[in-house]
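Try each one yourself before reading its solution.

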Amino acid sequence: KLSQRSVGCIYYAFQSPVPLEEPILLLNGEGHERRNTKEFPVNNICFPSIVHKSYAPNGYELCCVSILENAIAEHDGDQAALDMAVRKQLSTWFPDFASDIIDESKWVTKGFYLISNAQPTQFNEEGCANVHGGRDCTTFQGLAMPDGLFLAGDHMATATFNGALESGVNAADAVTNYLSKN
């Protein structure tokens, strides 16, 4: 069995203006010391209500925050402390909105979700996928695929869109090689 990674997600609904106007995913680029830790749990955020108003409760905006498993584990099940750490970090990202973000009556927590097995582990474990090639597309979990069958997808390289594309290229190369010999 391949090892898996868990991810957490917190949703906030609020009536104050959205801190940005673009429908984009904001990645935490503060460096590894300020990401995936107890004090700095935010991995990325987005505002789905910017994409379409129906993605938020009527009359509200919606913020979605993703948190990696290490930051969740460091809070040892204390969702209130994790929520406050997220709020504190977001308030530094959006200082003009800090007072609303910190105020639990203004940015209301609508849900906390822990998604077990969200992604296959990517590095430093037995059988994990990796960058620059990923897994052999003719085997899966140590078993050879039937002749002429090839695998592709983010589970074969890094668990990203680029990993899926990279594994597709690898599988296409294997198919081309297979067809040229048969």
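**Exercise 1.** Work out whether H75 is buried or exposed, and find which residues H75 touches.

*Solution.* Start with the accessible area: H75 has a relative value of 7%. Buried means under 20% relative accessible area, exposed means over 50%, and partly exposed is in between (1.4 Å probe, protein chains only). So H75 counts as buried. Helices (H or I, at least four residues) and strands (E, at least two) are DSSP runs, numbered from the N terminus. Finally, leaving out residues up to four places away in sequence, H75 touches K38, A81, L82 and A85, where contact means heavy atoms within 4.5 Å.

A quick note before you go on: this is a predicted model, where local features need pLDDT of at least 70 and side-chain atom pairs count only at pLDDT 80 or more, while totals for chains, interfaces and linings use all residues. Residues are numbered from 1 along each chain as its sequence is written, and side-chain values use heavy atoms, with hydrogens and water left out.

**Exercise 2.** Find how many aromatic pairs there are, then sort out the geometry of Y12 with W107 and of F14 with F47.

*Solution.* First, the rule: rings of Phe, Tyr and Trp (its six-membered ring) pair if their centres lie within 6.5 Å; planes under 30 degrees apart are stacked, over 60 edge-to-face, and the rest tilted. That gives 7 aromatic pairs. For Y12 and W107, the ring centres are 5.8 Å apart and the planes meet at 45°, so this pair is tilted. Y12 belongs to strand β1 (residues 4-14) and W107 to the loop between α4 (98-102) and β5 (108-120), so the pair ties together parts 95 residues apart in sequence. Y12 is buried at 0% relative accessible area, and W107 is buried at 1%.

Now take F14 and F47: with centres 6.3 Å apart and planes at 85°, the pair is edge-to-face. F14 is in strand β1 and F47 in the loop between β3 (42-46) and α1 (48-51), 33 residues apart.

**Exercise 3.** Work out which residues of α5 are buried and which are exposed.

*Solution.* Buried in α5 are G163, S167, A171 and A174. Seen down the axis of α5, the buried residues fall within an arc of 65° (taken from the directions from the helix axis to the C-beta atoms), so they line one face of the helix. On the other side of α5, F161, N162, T176, L179 and S180 are exposed.
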